[in-house]
Amino acid sequence: MKVVASAPGKLMFMGEHAVVYGYPCIVTAVDKRLYVKAEIIDQGEDQIHTPQVKESRFVLETIAFFKKKFNINKSVRIMTQGDFSQNVGLGSSSAVTVATFKALSELFHKRFNNAEIFRLSHKVNLKIQGIGSGFDIAAATYGGITFFVTGGKTIQPLEINPLPLVVGYSGIKADTPFFVRKVAENFRNKKKEMKMIFKQINKLVLGAKKSLLQNNHQLLGELMTDNHRLLQKLGVSIPRLDRMVDSAVKAEAFGAKLSGAGGGDCMIALVSKEKRQAVEKAIEKVGGEIINVNNNAEGVRIEN
Ligand code: PMV
């Protein structure tokens, strides 16, 4: 028997970095998915083929956690396929972890709900990366647009329509652990200042949640741009991302910001239908590449 499961990638909407320190963020799942095919093999070691993910350890650890939990000693073959490359920062590691748990639970007929998938996937990621809020795991597991607090203390789905976002890729692969460590170092040296920035980000995230539920895109956009300014203060933006954000705002996006750890990967802009094209052009003009993704996508699921 073969089983295929898939999980979506993610985009951080607002609240990155602060979420590592116990504050909330808002994350959305996107319609680019990571597919995991799993089957039982008769003999030999586990076989894995995972060209979409930067480290095969995510799959190896997931298999190990699963086998230990359910006392399984059979071997498996895992193969991945993806709608997106690991380079753009849409969260291939978290999606592959979540999809592998789902595929294995189906393959071995084990009951494994989303709360368990989230909890164990977060453990796998922490074991490998040492740090991380788990927002990407929540998006891969539950899908949708979610109000999320560190470690999954709160995972609240926001019942809203997909957002009119433009996503621009900077062409630079972000080094997330580097920037998380950089912020941690600043936090040790300038605790008071950093705490103040996190509190300001927290306020913006709470405001954004309200604006999202009220469908107030004008205000939401302003909060996004304010969030970008605070990320600049944290020292995680780079000139390329700043140019993309500024030109999107100049082309009359409601607002724009970098998305994720900073240092590269993507920026997002909230736009009206009328301004979408102008904003996309403005981002391209300063070296960004427009990525066509929809947000508010479905969480982990079995495909066959
Ligand atoms: O670089 P990304 O898209 O994986 O986002 C990182 C977001 C951080 O808040 C900086 C880290 C985290 O685990 O929440």
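The model is predicted, so local features need pLDDT of at least 70 and side-chain atom pairs count only at pLDDT 80 or more, while totals for chains, interfaces and linings use all residues. Residues are numbered from 1 along each chain as its sequence is written, and side-chain values use heavy atoms, with hydrogens and water left out.

**Aromatic pairs**

- Rings of Phe, Tyr and Trp (its six-membered ring) pair if their centres lie within 6.5 Å; planes under 30 degrees apart count as stacked, over 60 as edge-to-face and the rest as tilted. By this rule there are 11 aromatic pairs.
- Tyr 23 and Phe 198 make a tilted pair, at 6.2 Å centre to centre with 40° between the planes.
- Tyr 23 sits in the loop between β1 (2–14) and β2 (24–41) and Phe 198 in helix α6 (residues 191–214), so this pair ties together parts 175 residues apart in sequence. Helices (H or I, at least four residues) and strands (E, at least two) are DSSP runs, numbered from the N terminus.
- Tyr 23 is buried at 17% relative accessible area, and Phe 198 is buried at 1%. Here buried means under 20% relative accessible area, exposed over 50% and partly exposed in between (1.4 Å probe, protein chains only).
- Phe 66 and Phe 112 have ring centres 6.0 Å apart and planes at 85°, so they form an edge-to-face pair.
- Phe 66 belongs to helix α1 (residues 57–70), and Phe 112 to the loop between α2 (92–107) and α3 (114–129), 46 residues apart. Both Phe 66 and Phe 112 are buried.
- Ring pairs join Phe 66, Phe 70, Phe 101, Phe 108 and Phe 112 into a cluster.

**Charges over rings**

- A charge sits over a ring if NZ of Lys or CZ of Arg is within 6 Å of the ring centre and within 35 degrees of the ring normal.
- Lys 69 lies over the face of Phe 70, 5.4 Å from the ring centre.
- Lys 209 has its charged end over the ring of Phe 147, 4.1 Å from the centre.

**Gly 82**

- This glycine, Gly 82, lies in strand β4 (residues 75–82) and is partly exposed, at 34% relative accessible area.
- Gly 82 and Arg 33 are 49 residues apart in sequence, yet 6.0 Å apart in space, C-alpha to C-alpha.

**Helix α9**

- Val 279, Glu 280, Ala 282 and Ile 283 are buried in helix α9 (residues 276–285).
- Exposed residues Gln 277, Lys 281 and Lys 285 are on the face of α9 turned away from its buried side.
- Just after α9, Gly 287 takes a positive phi of about 100°.
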